[in-house]
Amino acid sequence: EEEAFLVSLYQFMKDRHTPIERIPHLGFKQINLWKIYKAVEKLGAYELVTGRRLWKNVYDELGGSPGSTSAATCTRRHYE
(Lines give C-alpha, C1' and ligand atoms only; values in the text may rest on other atoms or scores of the structure.)
Protein backbone atom coordinates (compact mmCIF):
# COMPACT_ATOMS: atom_id res chain seq x y z
CA GLU A 1 0.00 0.00 0.00
CA GLU A 2 2.80 2.43 0.92
CA GLU A 3 4.78 1.66 -2.21
CA ALA A 4 1.70 2.09 -4.44
CA PHE A 5 0.98 5.43 -2.75
CA LEU A 6 4.53 6.68 -3.34
CA VAL A 7 4.53 5.59 -7.00
CA SER A 8 1.19 7.34 -7.49
CA LEU A 9 2.36 10.50 -5.68
CA TYR A 10 5.57 10.78 -7.68
CA GLN A 11 3.66 10.30 -10.94
CA PHE A 12 1.00 12.86 -9.93
CA MET A 13 3.64 15.45 -9.08
CA LYS A 14 5.54 14.75 -12.32
CA ASP A 15 2.33 15.06 -14.39
CA ARG A 16 1.63 18.51 -12.93
CA HIS A 17 5.21 19.58 -13.69
CA THR A 18 6.25 19.85 -10.03
CA PRO A 19 8.28 16.67 -9.59
CA ILE A 20 9.57 15.66 -6.18
CA GLU A 21 13.30 16.02 -6.63
CA ARG A 22 14.21 15.58 -3.00
CA ILE A 23 12.23 14.62 0.09
CA PRO A 24 11.57 17.69 2.28
CA HIS A 25 12.83 17.92 5.85
CA LEU A 26 11.07 19.05 9.03
CA GLY A 27 13.67 20.16 11.49
CA PHE A 28 16.60 17.88 10.79
CA LYS A 29 14.53 14.84 9.85
CA GLN A 30 13.47 13.77 6.39
CA ILE A 31 9.67 13.57 6.13
CA ASN A 32 8.18 10.14 5.58
CA LEU A 33 5.63 11.04 2.88
CA TRP A 34 3.49 7.99 3.60
CA LYS A 35 3.43 8.78 7.32
CA ILE A 36 2.42 12.43 6.81
CA TYR A 37 -0.33 11.36 4.40
CA LYS A 38 -1.68 8.80 6.88
CA ALA A 39 -1.49 11.28 9.79
CA VAL A 40 -3.56 13.84 7.85
CA GLU A 41 -6.00 11.16 6.71
CA LYS A 42 -6.42 9.95 10.32
CA LEU A 43 -7.36 13.49 11.43
CA GLY A 44 -10.02 13.83 8.72
CA ALA A 45 -8.10 14.87 5.58
CA TYR A 46 -6.65 18.19 4.42
CA GLU A 47 -9.75 20.39 4.68
CA LEU A 48 -10.57 19.31 8.24
CA VAL A 49 -6.96 19.52 9.42
CA THR A 50 -6.70 23.02 7.96
CA GLY A 51 -10.12 24.17 9.16
CA ARG A 52 -9.56 22.90 12.69
CA ARG A 53 -5.94 24.07 12.75
CA LEU A 54 -4.55 20.61 13.46
CA TRP A 55 -1.26 20.92 11.59
CA LYS A 56 0.67 21.01 14.88
CA ASN A 57 -0.93 17.65 15.72
CA VAL A 58 0.33 16.25 12.41
CA TYR A 59 3.81 17.60 13.21
CA ASP A 60 3.69 15.97 16.65
CA GLU A 61 2.58 12.68 15.07
CA LEU A 62 5.68 12.79 12.87
CA GLY A 63 7.85 13.09 15.97
CA GLY A 64 8.77 16.74 15.58
CA SER A 65 10.61 18.83 18.14
CA PRO A 66 8.15 20.22 20.72
CA GLY A 67 9.84 23.64 20.86
CA SER A 68 9.35 24.58 17.20
CA THR A 69 7.27 27.73 16.78
CA SER A 70 6.73 27.34 13.02
CA ALA A 71 5.91 23.63 13.12
CA ALA A 72 2.29 23.91 11.98
CA THR A 73 3.05 26.23 9.06
CA CYS A 74 6.04 24.21 7.84
CA THR A 75 4.14 20.94 8.11
CA ARG A 76 1.24 22.32 6.09
CA ARG A 77 3.53 23.75 3.40
CA HIS A 78 5.36 20.47 3.01
CA TYR A 79 2.09 18.55 2.78
CA GLU A 80 0.78 20.92 0.14
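Reader: How many aromatic pairs does the count come to?
Author: The count comes to 6 aromatic pairs, where rings of Phe, Tyr and Trp (its six-membered ring) pair if their centres lie within 6.5 Å. The model is predicted, so local features need pLDDT of at least 70 and side-chain atom pairs count only at pLDDT 80 or more, while totals for chains, interfaces and linings use all residues. Residues are numbered from 1 along each chain as its sequence is written, and side-chain values use heavy atoms, with hydrogens and water left out.

Reader: Why is the pair of Trp 34 and Tyr 37 called tilted?
Author: Their planes are 35° apart and their centres 6.1 Å apart. Planes under 30 degrees apart count as stacked and over 60 as edge-to-face, so the rest are tilted.

Reader: Why does Trp 34 count as buried?
Author: Buried means under 20% relative accessible area, exposed over 50%, and partly exposed in between (1.4 Å probe, protein chains only). Trp 34 has 14%, so Trp 34 is buried. Tyr 37 has 27%, so Tyr 37 is partly exposed.

Reader: What makes Trp 55 and Tyr 79 an aromatic pair that is tilted?
Author: The rings lie 5.4 Å centre to centre, with 50° between the planes. The pair links distant parts of the chain, with Trp 55 in helix α4 and Tyr 79 in helix α5, 24 residues apart. Helices here are DSSP runs (H or I, at least four residues), numbered from the N terminus.

Reader: Is Trp 55 buried or exposed?
Author: Trp 55 has a relative accessible area of 4%, so Trp 55 is buried. Tyr 79 has 26%, so Tyr 79 is partly exposed.

Definitions and conventions
Helix = DSSP H or I, 4+ residues; strand = E, 2+ residues; numbered from the N terminus.
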